[in-house]
Amino acid sequence: MTRGQRKAISDLLPVFGIPVPAGEDDKVDMSRVFERSAPLVLEIGFGDGEALVEMARSRASENFIGIDVHEPGIGHLLLRLREEGLGNVRVMKGDAVELLARAFSDRQFDRICLFFPDPWPKKRHHKRRILQPAFVSLVAARLKPGGLFHFATDWQDYAEQALDMLQREPALENAAESGYCTDTGLRPATKFERRGRRLGHGVWDILMRRR
């Protein structure tokens with residue numbers, strides 16, 4: 001971490017952060033997190049936070065929560081939130097799968113986003129990918145009816161595996177009817193993605209709706 005990122009975590013996480021509930025059965029109380037009622041969006045693994053900042057800036061009528069465990073990225077996001085003066089974003093530090101399972105209630109989110117997670121490209125490491133059947137069922141449970149799960153990757157085999165897995169979840173249906181989504185309008189292009197496209201890399205978006 002840079003000194004600025006370290007100081008941001010010290011000074012700004014108390015401002016923009018959501019404390020992890022202490023008890024095993026305690027849940028995040030959204031009425032205390034945001035001072036308004038609005039559609040609620042969760043980004044899992046926000047990286048440096050730039051996509052989250054852009055979504056929050058362009059969709060000011062929505063509330064956003066970002067979860068990540070990587071402290072440099074958290075520090076960078078906190079600095080950007082202060083720089084942009086964004087009041088519709090809150091941050092949680094920790095393992096996203098664990099927090100989604102323990103800290104939130106069913107039918108709580110209008111949209112859950114998972115953009116460019118670690119692809120673990122070697123076949124023997126595919127079991128380490130975050131997108132597994134149990135995780136898909138958890139995401140579906142946390143979505144409101146009609147809510148959306150938005151997955152994006154630049155690894156074709158991960159996209160193919162994800163599409164097959166997501167379409168096997170009975171609580172979800174493909175918002176694009178079949179196949180991949182070509183233009184969702186919900187996700188800003190990242191610096192990494194733009195560089196990849198210039199190099200000829202593909203990007204695959206999948207949008208699933210909670211039945």
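How many of the 7 residues of strand β4 (residues 109-115) are buried? Before the answer, a word on what you are looking at. This is a predicted model, in which local features need pLDDT of at least 70 and side-chain atom pairs count only at pLDDT 80 or more, while totals for chains, interfaces and linings use all residues. Residues are numbered from 1 along each chain as its sequence is written, and side-chain values use heavy atoms, with hydrogens and water left out.

Now to strand β4: 6 of its 7 residues are buried, so the strand is largely enclosed by the rest of the structure. Buried here means under 20% relative accessible area, with a 1.4 Å probe and protein chains only. Helices (H or I, at least four residues) and strands (E, at least two) are DSSP runs, numbered from the N terminus.

Let us see what flanks β4. Two strands pair if DSSP finds at least two bridges between them. Strand β1 (residues 40-44) runs parallel to β4 and is joined to it by 3 bridges; here L42 stands opposite I112. With β5, strand β4 pairs in the parallel sense over 6 bridges. I112 has F149 of β5 as its bridge partner, and F109 has L143 of β5.

Stepping back, you can follow an open sheet of 7 strands in the order β3-β2-β1-β4-β5-β7-β6, with mixed pairing. Its edge strands, β3 (89-93) and β6, each pair on one side only. Neighbouring strands of the sheet are turned by 20° against each other on average, direction ignored.

Next come the helices. Helix α6 packs on the sheet, touching β1, β4, β5, β6 and β7, and its direction makes about 140° with that of β5. Contact means heavy atoms within 4.5 Å. Angles run from 0 to 180 degrees between N-to-C directions, and axes are lines fitted to C-alpha atoms, for helices over the stretch in contact. Together, β4, α6 and β5 make a right-handed β-α-β unit: with the strands pointing away from the viewer, the path from the first strand over the helix to the second runs clockwise. Helix α3 (residues 50-58) lies across β1, β2 (63-68), β3 and β4, at about 175° to β2.

Finally, look at helix α7 (residues 156-168). Its buried residues are Y158, A159, A162, L163, M165 and L166. These residues pack against α6 (133-142), β5 (143-153), β6 (172-174) and β7 (204-210).

Technical notes. Buried < 20%, exposed > 50% of the residue type's maximum accessible area, 1.4 Å probe, protein only.
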